[in-house]
Every structure is written in C-alpha cells, then in structure tokens.
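Thanks for coming. Please have the sequence and the model on screen.

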Amino acid sequence: MKIIINAALAFLMLIVAATTTLADEYTKGKIKKIDAKAKKVTIIHEELKNLDMPAMTMVFRTADDGMLDTIEEGQDIEFIADRVNGKLTVIEIKK
C-alpha cells in the first residue's frame, strides 16, 4: 500500500511540475498600444505555448493596474499570460 501511495504522490508531483513550468515560461513581445482607461495592453508577441497560440498581435488585460505604469509603447518585454476568469491576462512582466 505504501508503494502505491508513494507512486501516486510522485506522479502528482510530476504533473504539478510540468504544469508550473509551462505557466512560468516567459514569452517575448513588444508593446504596441497601452489603453490605461480600459486597463488593456496590445502586445506583438511570439508563440504563447501555454495557451497554444501562434505568434500574433493581441489585446490583453493586466493582472493589476500597476503593470501599465511600468511599460511604454514600443518597449520590448518578456511576459507571462494566462486565462484569468476566461480573459487573456498578462500576469507578469519582465523588462
């Protein structure tokens, strides 16, 4: 019984590690437009592997309003995006 529990825990840890790695992978992009009033940012980005999306230009919401204060149009960034409440959202930005 202990072997089965250990195997199940190891399997769960593997799944969590794989999921976390995908979600934490940064994507390169360039800020095209910032709409502070709507709390949205348009990004020309490379493939978003965790969302299974090819490279394109997209509008994203931001996870917090302060993110918009740290970026400017034309700026190259690396970011993490995910679906939050069904909306494509930038959850982290690295400059």
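Start at Phe79. Leaving aside neighbours within four places in sequence, Phe79 is in contact, meaning heavy atoms within 4.5 Å, with Glu25, Tyr26, Thr27, Lys28, Gly29, Ile43, His45, Leu48, Phe60, Val90, Glu92 and Ile93.

A word on the source: this is a predicted model, where local features need pLDDT of at least 70, side-chain atom pairs count only at pLDDT 80 or more, and totals for chains, interfaces and linings use all residues. Residues are numbered from 1 along each chain as its sequence is written, and side-chain values use heavy atoms, with hydrogens and water left out.

Is Phe79 buried or exposed? Its relative accessibility is 0%, so Phe79 counts as buried. The cut-offs are under 20% relative accessible area for buried, over 50% for exposed, and partly exposed in between, using a 1.4 Å probe and protein chains only. Phe60, at 1%, counts as buried too.

These two residues also form an aromatic pair. The rule takes rings of Phe, Tyr and Trp (its six-membered ring) with centres within 6.5 Å; planes under 30 degrees apart are stacked, over 60 edge-to-face, and the rest tilted. The count by this rule is one pair. Phe60 and Phe79 are edge-to-face, with 5.7 Å centre to centre and 70 degrees between the planes. Phe60 lies in strand 3 and Phe79 in strand 4, so the pair ties together parts that are 19 residues apart in sequence. Strands here are DSSP runs of E, at least two residues, and helices are runs of H or I, at least four residues, both numbered from the N terminus.

Now the core. A nonpolar core is a set of buried Ala, Val, Leu, Ile, Met, Phe, Trp, Tyr and Cys residues joined through side-chain atoms within 4.5 Å. The largest one has 16 residues, and those with the most contacts inside it are Val41, Ile43, Leu48, Phe60, Phe79 and Val90. Two or more residues each come from strand 2 (40-45), strand 3 (56-62), strand 4 (76-84) and strand 5 (87-94). Which strand gives the most? Strand 4 does, with three residues.

Next, the pairing of strands, which requires at least two DSSP bridges between them. Strand 4 and strand 5 are antiparallel over seven bridges; within that pairing, Ile80 has Glu92 as its bridge partner. The two strands form a hairpin with two residues between them, and Asn85 in the turn has a positive phi of about 55 degrees. Strand 3 runs parallel to strand 5, joined by two bridges, and Arg61 stands opposite Thr89.

Asp82 is also in strand 4. With a relative accessible area of 27%, Asp82 is partly exposed. Apart from residues up to four places away, Asp82 touches Asn50, Leu51, Lys87, Leu88, Thr89 and Ile91. Asp24 is 58 residues from Asp82 in sequence, yet 9.8 Å away in space, C-alpha to C-alpha.

One more side-chain item: the charged end of Lys94 sits over the ring of Tyr26, 4.3 Å from its centre. That rule requires NZ of Lys or CZ of Arg within 6 Å of the ring centre and within 35 degrees of the ring normal.

To finish, the whole chain. It has one helix and five strands, in the order α-β-β-β-β-β. Of its 95 residues, 25% count as buried. Among contacts between residues at least 6 apart in sequence, 49% join residues at least 24 apart.
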